[in-house]
Every structure is written in structure tokens, then in C-alpha cells.
Amino acid sequence: MTSVQLNAELLRNMSIIAEDENLLKRAVKYLRKLIAEKDTDPTAMTKEEFFTRISDAEKQIADGKGITFTNRNDMNDWLNSL
């Protein structure tokens, strides 16, 4: 779904919710919760931060500090150890 379609869907649903005070209160409460989660999401980052991390990882690989796996089980063991 594109952002235009998502916005249209959101507005359609909000017009329904706006007619019911209880639903509106619940929607506001949930939206506040979503905003709070966004602020504390450790995976959220700017484009600049993302590309900096990619550049750092490429430098580590070039320096021979990258991690390689010969099979799927080794990779899974490493991932599970994190």
C-alpha cells in the first residue's frame, strides 16, 4: 500500500471513529502509545545513522574483522548467542 492509500484509509477510519466518543478516546490512547513506542524504539534511526552504520560495517569487512559462516547452523548458533 502506498502512503497516499494509507492516508486515505486512515482518514476513512477516523471519520467513523470521530462519531463515537468512546472509540475516539480509545484511538487517542492507542495513538499516544504508538508515539511513545516510536520514541523508545532502539531500531529507529535516521538515514544518516543507517548509512553510517553500513559504512562502518564495510570498513570492518575491509579490515578483515567481518564474520563469515560456512553453513547455516554456524550462522544460527551465532545469531542465537546475541
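Good morning. I begin with the surface, where I67, F69, M75, W78, L79 and L82 form a nonpolar patch of about 570 Å². A patch here joins nonpolar side chains (Val, Leu, Ile, Met, Phe, Trp, Tyr) within 5 Å, or like charges within 9 Å, taking residues with over 30% relative accessible area and no salt bridge. Accessible areas come from the Shrake-Rupley method with a 1.4 Å probe, and for residues only the protein chains shown count as cover.

The model is predicted: local features need pLDDT of at least 70 and side-chain atom pairs 80 or more, while totals for chains, interfaces and linings use all residues. Residues are numbered from 1 along each chain as its sequence is written, and side-chain values use heavy atoms, without hydrogens and water.

Next, the overall fold. The protein has four helices and zero strands; helices are DSSP runs (H or I) of at least four residues, strands (E) of at least two, numbered from the N terminus. Of its 82 residues, 2% count as buried, meaning under 20% relative accessible area; exposed is over 50%, and partly exposed lies in between.

Finally, how many salt bridges are there? The count is two, each requiring a side-chain nitrogen of Lys or Arg within 4 Å of a carboxyl oxygen of Asp or Glu. R12 pairs with E9, with the closest N and O atoms 2.8 Å apart. K25 and E21 form a salt bridge at 3.5 Å, N to O; both lie in helix α2 (residues 21-40), four residues apart, and both are exposed.

Note on methods:
Buried < 20%, exposed > 50% of the residue type's maximum accessible area, 1.4 Å probe, protein only.
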